[in-house]
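Hi,

Here is the structure I promised to pass on. My notes follow it.

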Amino acid sequence: MGTTKHTGPIKLPKVPDPKLWVGLRPFGLGRVKPRHIRDTLKVAWDNRDNLPYAARILTQGVCDGCALGVSGLYDRTLDGPHLCTTRLNVLRLNTMPAIKPEALHADIDELRRMDSTQLRKLGRIPYPLLRRKGERRFARISWDEAMELAAVKIRGVDPKQVAFYLTARGITNESYYAAAKAARLIGTNNIDNASRICHSPSKTALKRSVGIGASSCSYKDWIGTDVLVFWGSVAANNQPVSTKYMYAAKRAGTRIICVNPYREPAMDGYWIPSIPESALFGTKLADDHYQVNIGGDIAFMHGVMKTWFEMEAAEGPGTAVDWTFVREHTTGLEELRACVERQDWAALERSSGLTRERMAQFARLLAGARSGVFVWSMGLTQHRFGTDNISQVANMALLRGFLGREHCGLMPIRGHSGVQGAGEMGADPFSLPGGEFKGDDIARVEQVWGFELPRWQGDIVGVSLENALLPEDHERRLKVFYTSGGNFLETMPEPEFVRRCLEAVELRVHQDIILNTSTLADASEAVLVLPAMTRYEQPGGGTSTSTERMVYFSPEIEGPRVGEARAEWMIYCELAARVKPELAGLVAYEDAAALRVEIARAAPNYAGIEQLGRRGDVFQWGGTWLCEGGVCPTPDGRGRLLPIELPELRKPEGHFYVTTRRGKQFNSMIYGEKDPFNAADRYDVLLSAEDGAAIGVSEGEAVVVYNRFGTFHGRARYADVARGNVEVYWPEGNCLLPKGVYEPHAGIPEYNTAVVVERADTYHALKDTRYVEKRVEELETEVG
């Protein structure tokens, strides 16, 4: 991997730089922007019943929000304290009291009248609950009854009819590992995690392109790199502390470039609360914005590489391509070059939405850079061609030699604090601790675990859910679904179809800290709810892995405990022991420290995790740079340049391409109806003023967005969005997305599709059956 060790945090400049200020109005008064002081005061008020405990969580624990990896108030990138409203919003999940019995045991229809935000505010789940088919209320049961019920049911079905899923809400590496081992001991490979609907294409593409499954660099590499590119990523909104790193990068002379259909206000300028000059006057972040079409990134990157090869031909070798790096550290150049050179400029412009001149401008910027870091998120991954998107990014980095050295790298920035460790711990149908679900890795893990693993390929979570609708006698009909957190009604396309799947499962087990709308769905036999501890309550502490592969220890924090909640890893181990009592000794651990000792044996990259046991303990697996010196962990040690074909976007003339975006929320948990960066509400449809004029829609006017999958009612809001594209909020807009469409390599669902946008009065005036059928049929015919 790499031998250079991370050198720790660096200091920020002390002298202000007015050239970077957004404006002279203090605190951005009068602007549409986050109100950090107001929001912080609100969080303090919300936690007023538990302020000392809340303070200890913030100052002693590892952030359970995004995956930047802040331990207490400090990280390994910059000196000084870090705090953001995302972490503050999540804080209440840890300090809430238990749900009051009159609410918890209310009639199910009363609970169903609440949305997930209201359910969350009820409080924590205090003890195990059971609701059998036809029952109107959850009933309290004992842990022994709950665990035996689940174990008996699992023993009574084929292991292929059992599936596990783990979200990323503060779940620790210990819990992921215990779940991975428990599932395989029980006999199923149907286990998946939250990366399936976010960064699964990143791991798949990086593995095939450069042999790694994580960020190749560290956050420190942002600071001083020549060019820092954000592809389909709004880090300022989703990982707010990263704006501090961007500030430091700007002060070091880095140019920041955004590639995104929407010119995100958060990336234009941001008021960073922990930097005095930025808190007062804001900081200009992005130097330029390339507003590609939704799904147009591959075409854009082809245009950039096509320009590079043209530069090489016209201006001489080395003008754009780092030939020394390419010759010594890559394969596949001629195949890639042939693929790029046969691309037609007109097709690239049409697909990308950018002119040849704009693509050439970006190409020359990168060609003149000695270093570069490429950062990306859901804008690149949540496509049916997400893996190809990321391999195309890797192609560009390899051609420029932006890999395995300081200020260079490939970084899929994580939005969940724990999800990087999920696959690395084996909570994935294609992974095992420290490797893949194949060959030597299976034998290696079997030796550590002490039992034979099932050899059949497990399903991704979307397929597992769909399997609930298979015929009764099908060997893979899903009969038991065990989920730690997660709300599939608000994360997956076509929510009503997902509801049918959830309700067809015989036994659903929800291991969680709060209720959500999925918990309230019926099951064909029973719904079992198990109360989980947070990471801060876990006896013996726990660990989580950040985007940059820092493995942090988060200690158990003294404070109140909620009812009968148990550590998640302990629940999984007990379940496996009850299902296979003859193998119970294989999942019996004295404490969390003993579990970490075994993780170090099962996952070689994590050697060192067994030494973590005190607040502040941390190590970075793989060193500061993976592929150090350009040497990749592939069979031949080289990165693979891969020919990537242009995807067919399937957007007929006169229609729009839609994608989803995030507002004031943490993943699917919504904390405000107004987007703090553009003042849009949850049902606003973002489109360009030019597109609005073309279809006769004025700003603020009611519109209907629809296709053959669903209908979305909202209001038009003009925004700086690339023409031909519209954006709606997630999860509200999921009704427009197609079910059962998965990226073929990584299995991520498709989160983008073609839609019709019409004024609501037009839609309703003409909404007779023939009209709607004609329009949808036209869309199906033209889209294919």
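This is a predicted model: local features need pLDDT of at least 70, side-chain atom pairs count only at pLDDT 80 or more; totals for chains, interfaces and linings use all residues.

H14 brings Ala299, Phe300, Gly303, Val304, Thr307, Trp308, Glu310, Met311 and Glu315 to the contact. From H18 come Arg356, Met359, Ala360, Phe362, Ala363, Arg364, Leu366 and Ala367. By class, that contact has 11 nonpolar, two polar and four charged residues.

Now Thr307, one of the H14 residues in that contact. Thr307 counts as buried because its relative accessible area is 6%, under the 20% cut-off. Its side chain reaches the backbone oxygen of Gly303 at 2.8 Å. Setting aside neighbours within four places in sequence, Thr307 is in contact with Trp345, Ala360 and Ala363. Tyr219 is 88 residues from Thr307 in sequence; C-alpha to C-alpha, the two are 29 Å apart in space.

Next, Asn173. Its place is in helix H8 (residues 173-186). Asn173 is buried too, with a relative accessible area of 1%. What does the side chain of Asn173 make a polar contact with? The partner is the side chain of Thr545, at 3.1 Å. Not counting residues up to four places away in sequence, Asn173 touches Gly421, Met425, Thr543, Ser544, Thr545, Val551, Ile599 and Tyr606.

Best wishes

Terms used. Residues are numbered from 1 along each chain as its sequence is written. Side-chain values use heavy atoms; hydrogens and water are left out. Contact means heavy atoms within 4.5 Å. Helices (H or I, at least four residues) and strands (E, at least two) are DSSP runs, numbered from the N terminus. Ala, Val, Leu, Ile, Met, Phe, Trp, Tyr, Cys and Pro count as nonpolar, Asp, Glu, Lys and Arg as charged, and the others, Gly among them, as polar. Buried means under 20% relative accessible area, exposed over 50%, partly exposed in between (1.4 Å probe, protein chains only). A polar contact is a pair of N or O atoms within 3.5 Å; within protein, one must be able to donate a hydrogen and the other to accept it, and residues adjacent in sequence count only if both atoms are side-chain atoms.
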